[in-house]
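Work through the exercises below with the sequence and the model side by side. Try each task before you read its solution.

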Amino acid sequence: MAGAKKESKTARASVRAGAGGAGGGRVFGDMKRFTPLGGGFCYFAAGDGKNLHLKVDSEELFGLLSAIEGADRTKIDAEVAELAAKFGDKVPAWKALAEKLSAGNLAEAAA
């Protein structure tokens, strides 16, 4: 085994972890999907693995969030509500987004 290449445990684990996700979308679990930035902007971790730099009160962000369904939608709503409670006084756009999303949920439930 003089010519055998050695790999660290970390490298082997990394390769195994990368091979497991060959089938599709990312699973976010408890990971936060928003990173609030100054001036009413945020990074949003989209389902395709890209981080989008968006204005909190933009229609693009609202459209992306409106398209999310199920358990992910519940997590998004909770995270937006948390950010609205934390930063709502400094950045009113977080409160407006939380209200807009909850109004969208009420409209969907009534339909």
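**Exercise 1. Find which residues Leu61 touches, leaving out residues up to four places away in sequence.**

Solution. A contact means heavy atoms within 4.5 Å.

Two notes on the ground rules. Residues are numbered from 1 along each chain as its sequence is written, and side-chain values use heavy atoms, with hydrogens and water left out. As this is a predicted model, local features need pLDDT of at least 70 and side-chain atom pairs count only at pLDDT 80 or more, while totals for chains, interfaces and linings use all residues.

**Exercise 2. Describe the largest nonpolar core and name the elements that each supply at least two residues.**

Solution. First, the rule: a nonpolar core is a set of buried Ala, Val, Leu, Ile, Met, Phe, Trp, Tyr and Cys residues joined through side-chain atoms within 4.5 Å. Buried means under 20% relative accessible area, exposed over 50%, partly exposed in between (1.4 Å probe, protein chains only). Next, the size: the largest core has 19 residues. Phe34, Phe44, Leu61, Leu65, Trp94 and Leu97 have the most contacts inside it. Last, the suppliers: β2 (41-45), α2 (59-67), α3 (70-87) and α4 (92-110) each give at least two residues. Helices (H or I, at least four residues) and strands (E, at least two) are DSSP runs, numbered from the N terminus.

**Exercise 3. Work out the strand order and say which strands stand at the edges.**

Solution. Two strands pair if DSSP finds at least two bridges between them. β1 and β2 pair in the antiparallel sense over 3 bridges. Thr35 stands opposite Tyr43 in β2. β2 and β3 are also antiparallel, joined by 5 bridges. Here Tyr43 has His53 of β3 as its bridge partner, and Phe41 stands opposite Lys55 in β3.

Now check the turns. The β1 and β2 hairpin has 4 residues between the strands, and Gly39 in the turn has a positive phi of about 75°. The β2 and β3 hairpin has 5 residues between its strands, and Gly49 takes a positive phi near 90°.

**Exercise 4. Classify the aromatic pairs of Phe34 with Phe44 and with Trp94.**

Solution. Rings of Phe, Tyr and Trp (its six-membered ring) pair if their centres lie within 6.5 Å; planes under 30 degrees apart count as stacked, over 60 as edge-to-face and the rest as tilted. The count by this rule is 2 aromatic pairs. Phe34 and Phe44 lie 5.2 Å centre to centre with 45° between the planes, a tilted pair. This pair links strand β1 to strand β2, 10 residues apart. Phe34 and Trp94 lie 5.7 Å centre to centre with 85° between the planes, an edge-to-face pair. That pair links strand β1 to helix α4, 60 residues apart.

Then check burial. Phe34 is buried at 5% relative accessible area. Phe44 is buried at 2%. Trp94 is buried too. Ring pairs link Phe34, Phe44 and Trp94 into a cluster.
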